[in-house]
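Good morning, and thank you for coming.

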Amino acid sequence: MRFQSMFLLLFLLSNIVAISQSADVIGKWKTIDDETGKPISVVEIFKKNGKIYGRVSEIFDAKSRDKSCEKCPGEDKGKPFMGLTVLRDLVQNGDEYSDGHILDPKHGKLYKCYITLEDDNKLKVRGYVGVSLFGRTQYWHRVQ
């Protein structure tokens, strides 16, 4: 009986770990243009020094692949879109990742940001100025 209880406990713990790993923001996400509804790029989200970052790893429009971010502020000015870090310094607060920034390379603007998983394959990305009420939401889709 004791062996069965240990086996059941190990089984439950392994399932909990598997579920928590599948529901993670880390990975590759397809971004969608708000106006056209077409895919723009793939952003690879990763963890570095306990914070969440995202960099452009693929651009779907061949004409845009060699472009640089001329409107971007500070150290990002003139950097190629490909490889550009667009999510920065997000920290986990429960189910949400916040207190960081998102860069809009199209307009060269830096916004406060938070992200949350809607489900395993859909990420809510909210960029805003001041308070979250004044902003824009995008939904990114996990690349399988």
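Strand 5 and strand 6 pair in the antiparallel sense, over 7 bridges. Strands here are DSSP runs marked E of at least two residues, helices are runs marked H or I of at least four residues, and both are numbered from the N terminus. Two strands count as paired if DSSP finds at least two bridges between them. This is a predicted model, in which local features need pLDDT of at least 70 and side-chain atom pairs count only at pLDDT 80 or more, while totals for chains, interfaces and linings use all residues. Residues are numbered from 1 along each chain as its sequence is written, and side-chain values use heavy atoms, with hydrogens and water left out.

Let us stay with this pair of strands. Which residue of strand 6 is the bridge partner of aspartate 104? The partner is lysine 109.

Lysine 71 has its place in the loop between strand 3 and strand 4. Leaving aside neighbours within four places in sequence, lysine 71 is in contact (heavy atoms within 4.5 Å) with Lys106, His107 and Gly108. Between lysine 71 and lysine 109 there are 7.8 Å in space, C-alpha to C-alpha, although they stand 38 residues apart in sequence. Is lysine 71 buried or exposed? Lysine 71 is exposed, with a relative accessible area of 58%. For these words, buried means under 20% relative accessible area, exposed means over 50%, and partly exposed lies in between, using a 1.4 Å probe and protein chains only.

We now follow the strands onward. Strand 6 is joined to strand 7 by 7 bridges, and the two run antiparallel. Across this pairing, cysteine 113 stands opposite glycine 127 in strand 7. The hairpin of strand 6 and strand 7 has 2 residues between the strands.

Strand 7 (residues 122-128) also pairs with strand 8, again in the antiparallel sense and over 7 bridges. Here leucine 123 has tryptophan 140 of strand 8 as its bridge partner. In this hairpin there are 6 residues between the strands, and glycine 130 takes a positive phi near 75°. On its other pairing, strand 8 is joined by 2 bridges to strand 1 (residues 27-32), and these two run antiparallel. Lysine 30 stands opposite histidine 141 in strand 8.

Next, the nonpolar residues. In soluble globular proteins, nonpolar side chains tend to be buried together. A nonpolar core is a set of buried Ala, Val, Leu, Ile, Met, Phe, Trp, Tyr and Cys residues joined through side-chain atoms within 4.5 Å. How many residues does the largest nonpolar core have? It has 22 residues, and those with the most contacts inside it are Ile45, Ile115, Leu123 and Trp140. The elements giving two or more residues to this core are strand 2 (39-48), strand 3, strand 4, strand 5, strand 6 (109-119) and strand 7. Isoleucine 115, not counting residues up to four places away in sequence, touches residues including Val25, Ile45, Ile52, Leu90 and Leu123.

Finally, the salt bridges. A salt bridge is a side-chain nitrogen of Lys or Arg within 4 Å of a carboxyl oxygen of Asp or Glu. The structure holds 5 of them. Aspartate 104 counts as buried, at 11% relative accessibility, whereas arginine 136 is partly exposed at 42%. Salt bridges that share partners join Asp34, Asp104 and Arg136 into one network.

Aspartate 76 takes part in a salt bridge with arginine 88 (2.4 Å, N to O). That pair also links distant parts of the chain, 12 residues apart: aspartate 76 is in the loop between strand 3 (51-59) and strand 4 (85-93), and arginine 88 is in strand 4. Both aspartate 76 and arginine 88 are buried. The side chain of aspartate 76 meets that of lysine 79 in a salt bridge as well (3.8 Å, N to O). Lysine 79 is partly exposed, with a relative accessible area of 35%. Thank you for your attention.
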